[in-house]
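Colleague: I'm new to reading protein models. Could you walk me through one?

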Amino acid sequence: MAKLRFGIIGAGGIARSHANALRQLSDVAELVAAADVIPAAAESFQQRFGVEALGGEDAISRLLARRDIDAVTLATPSGLHSEQAVQALDAGKHCLSEKPIAITLEQADAMIAAQRRTGKALGCVFQARYEPASVIVKRAVSEGRMGRIVHANAYLKWYRAQEYYDAGGWRGTWRMDGGGALMNQSVHKVDLVQYLAGPVATVKGYAGTLAHRIETEDAAVAAVRFQNGALGTIEGMTNALPNAYTRVEVYGTEGSATIVNERLATYYTRSEAPPAKEGEKPLTDLTPEVLARFEAEHPGWRTGHVAVLADFIQSVREGRDAPVSAIEARKAVEIILAVYRSSREGIEVRLSQ
Ligand SMILES: NC(=O)c1ccc[n+]([C@@H]2O[C@H](COP(=O)([O-])OP(=O)(O)OC[C@H]3O[C@@H](n4cnc5c(N)ncnc54)[C@H](O)[C@@H]3O)[C@@H](O)[C@H]2O)c1
């Protein structure tokens, strides 16, 4: 089958991960060109990767007009994803957007409408879903081995220096980042916790800007009630020296799991535990066993942007929905916007998911 020919829109930091991933997938994909509004960014990308890179205000239109490109990835500031995705889909390209898919629900809905109108693929990069830990826990939940989920938590305790916000120009702004510690950094964990524990029903939260000179929040906490009745918390911050950790936890009536820094830290289900002998502690952490089993059953398992792009390409070839569709990616955005609204208005916010 012919390779899927890609263009990358935005040639900054994360675009490098896109280019490196496409290189690793050269049996099924080809990176044809990149485009960046800043000519110097395009030039430096071209030098680094040896592919054509278009620069300037009209670079995207020129890239989208090309017939030798079937699909684009969006590696631009988050506030631009929606208009660029709509533009790309209308130009007949499949589109894989960086996270968050958009920074408002109206923007996300415009993307979903364009996807339906054009019939092209539209997906979002949530690479944490491809970590073995996430796959193991998702499977255990889906197959009922965790029982009924009763608690689920997502924590991201990272550190970002003031220079990080100052350098990009768009980071920490409402217009282009759409938020701070939650919308930019924690969105991966918010997505993961709702992917594992199910849709969120209501949110009560606080957000604040405590240690940076930025418009958006650098810390937020929220209490969450899931549709299935489970209770949980979300905490995200970029004030945690020296970049402490991330943690996603799921507790069910038949087991529990915690994922720390993307790795499985604890895992237990009653049905998988060996029967306890008399006098022995009945509860055994099964983490080493389930990890070893996963590795044995999935040799060469891929993670990160390579896994995301490989799966996206495969879905386009098979004509099925993108693995993380826009509708799916919109859920984390809705949860985060609910935390902001709850904090601003001092109310509990009910979600429509
Ligand atoms: N998946 C992940 O783990 C991950 C990690 C980092 C960033 N991201 C996401 O990737 C996106 C980009 O982040 P980044 O850190 O690479 O930012 P960046 O600032 O390093 O790069 C963005 C690039 O987009 C270019 N750009 C701006 N406006 C443009 C326009 N109208 N047309 C074309 N190019 C334009 C800029 O010149 C810059 O080169 C954000 O949405 C961010 O949330 C995802």
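This is a predicted model: local features need pLDDT of at least 70, side-chain atom pairs count only at pLDDT 80 or more; totals for chains, interfaces and linings use all residues.

Colleague: Okay, how do I read a core, and how many residues does the largest nonpolar one have here?

Modeller: Start with the general idea: in soluble globular proteins, nonpolar side chains tend to be buried together. In this model the largest nonpolar core has 77 residues. Inside that core, L63, V72, V203 and Y267 have the most contacts. Helix 11, residues 326-345, gives the most to it, namely nine residues.

Colleague: Where does this core lie relative to domain 1 and domain 2?

Modeller: It lies between them, because domain 1 (4-127 + 305-324) and domain 2 (128-299 + 332-350) both give residues to it.

Colleague: Which residues is V72 in contact with, leaving aside its neighbours within four places in sequence?

Modeller: Among them are F6, I9, L63, L64, A88 and L96. K93 and H94 touch V72 too. There's also a second, separate core, with 33 residues, including A15, L96, V125 and A322.

Colleague: Now the ligand. Which residues come nearest to it?

Modeller: There are 25 residues around the ligand, and G13, I14, D36, Q127 and R171 come nearest. For polar contacts, look at pairs of N or O atoms within 3.5 Å. An N or O atom in the Q127 side chain is 2.8 Å from a ligand oxygen. For the Q84 side chain, an N or O atom is 3.4 Å from a ligand nitrogen. A polar backbone atom of G12 sits 3.5 Å from an oxygen of the ligand.

Colleague: And how much of the ligand's area does the protein bury?

Modeller: The protein buries 81% of the 840 Å² that the ligand exposes when taken alone.

Note on methods
Residues are numbered from 1 along each chain as its sequence is written. Side-chain values use heavy atoms; hydrogens and water are left out. A nonpolar core is a set of buried Ala, Val, Leu, Ile, Met, Phe, Trp, Tyr and Cys residues joined through side-chain atoms within 4.5 Å. Buried means under 20% relative accessible area, exposed over 50%, partly exposed in between (1.4 Å probe, protein chains only). Helices (H or I, at least four residues) and strands (E, at least two) are DSSP runs, numbered from the N terminus. Domain bounds come from an automatic or database domain assignment. Contact means heavy atoms within 4.5 Å. A residue is near a molecule or strand if one of its heavy atoms lies within 4 Å of it. A polar contact is a pair of N or O atoms within 3.5 Å; within protein, one must be able to donate a hydrogen and the other to accept it, and residues adjacent in sequence count only if both atoms are side-chain atoms. Accessible areas come from the Shrake-Rupley method with a 1.4 Å probe; for residues, only the protein chains shown count as cover.
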